[in-house]
Amino acid sequence: MKIGIDLGGTKIECVVISQDNHIIFRERLPTPKGDYLGILDSIESLVNKTLPYAPHNTPIGIGIPGTLSSDTGTIKNANTTCLIGEPLDQDLAVMLNRPIKLANDANCFIWSEFCDGAAKGKTNAFGVIIGTGVGGGLVVNHQLVNGLNGIAGEWGHNPLPHFGLEQRPCYCSKEDCVETYLSGPAFEKSFLDASPQTTATSVGSEEIVSLARIGDPLAKQHLDNYAKMLAASLTSVINIVDPDIIVLGGGMSNIDELYELVPKYLQEYVFSDTIHTPIVKAKHGDSSGVRGAAWLWNE
Ligand SMILES: [Zn+2]
């Protein structure tokens, strides 16, 4: 048995995975906003509900929107900011009286896809989450790479290869991060910025994609440009790591056109005469994060 928990900005999900890799328990609670002790209580109540399915000493893996600082032993780089500076793994180990492993949620995502998903059977894999935020995780030689600073794979806060767009500040205090152009909200913002006649104050990503599919020239151009920026951003990953596969997850990964457009633009940008890197959709969809958290003890 394995227990996985995905601690997200809006919900906390907990699963128990059986020895034959089936999810036999799944439950979610909303994430208490700005309330670290509330988050601990919610995790405890979810874990208590696993008792009929997994023994009380079953180790727990947790995916978090951030990472553990090796300098302080506390959470850093979390956009759920109440976690920053807290010794989450130590607090939970005491509270739940069992071993806890923490990893960044994008690391959990690629670990799940590597263990039994879209990257199964590969040696090196890069996982990309393009959703509300942009993150990434890296597996090299069958091992999840954490890195000296705990940030391996965080390509979402590289500066975007420049396309003459306006400068954008990022929550991380830097400017022009990949995330500020490739996240779902950024995709929507860029479309509105490029539509000066519109009086709308919001437009959904799905709506933009639907417009592109029926031939709206502005929406088509916008989607094409998004794919171009994604390809340019992934080029920096391929030129350094040259992974066997790149797996996309998060809401934006559901745009089917990306799997045709991004490989086309990679041919233009990557330092190689031919590019064979498969760009594929996650097999386990939204469940990859929580599944990968459960798999952390099999690392
Ligand atoms: Zn940033």
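User: In this predicted model, what makes strand E9 (residues 134-140) and E10 a pair?

Analyst: Two bridges join E9 to E10, and the two strands run antiparallel. Pairing requires at least two bridges between strands, so E9 and E10 qualify. Within this pairing, Gln143 of E10 is the bridge partner of Val140.

User: Why are strand E10 (143-144) and strand E12 (279-281) said to stand at the edges?

Analyst: The open sheet has five strands in the order E10-E9-E8-E11-E12, with mixed pairing. E10 and E12 each have a single partner strand, so one side of each lacks a neighbour in the sheet.

User: Which helices lie on or across this sheet?

Analyst: Helix H3 (residues 105-116) packs on the sheet, touching strand E8 (125-130), E9, E10 and strand E11 (245-249), and its direction makes about 50 degrees with that of E9. Helix H7 (residues 217-241) lies across E8, E9, E11 and E12 and runs at about 150 degrees to E8.

User: What is the make-up of the contact of H5 with H6?

Analyst: H5 contributes Gly184, Phe187, Glu188 and Phe191, while H6 contributes Ser205, Ile208, Val209 and Leu211. These residues divide into five nonpolar, two polar and one charged.

Conventions: Residues are numbered from 1 along each chain as its sequence is written. This is a predicted model: local features need pLDDT of at least 70, side-chain atom pairs count only at pLDDT 80 or more; totals for chains, interfaces and linings use all residues. Side-chain values use heavy atoms; hydrogens and water are left out. Contact means heavy atoms within 4.5 Å. Helices (H or I, at least four residues) and strands (E, at least two) are DSSP runs, numbered from the N terminus. Ala, Val, Leu, Ile, Met, Phe, Trp, Tyr, Cys and Pro count as nonpolar, Asp, Glu, Lys and Arg as charged, and the others, Gly among them, as polar. Axes are lines fitted to C-alpha atoms, for helices over the stretch in contact, and angles run from 0 to 180 degrees between N-to-C directions.
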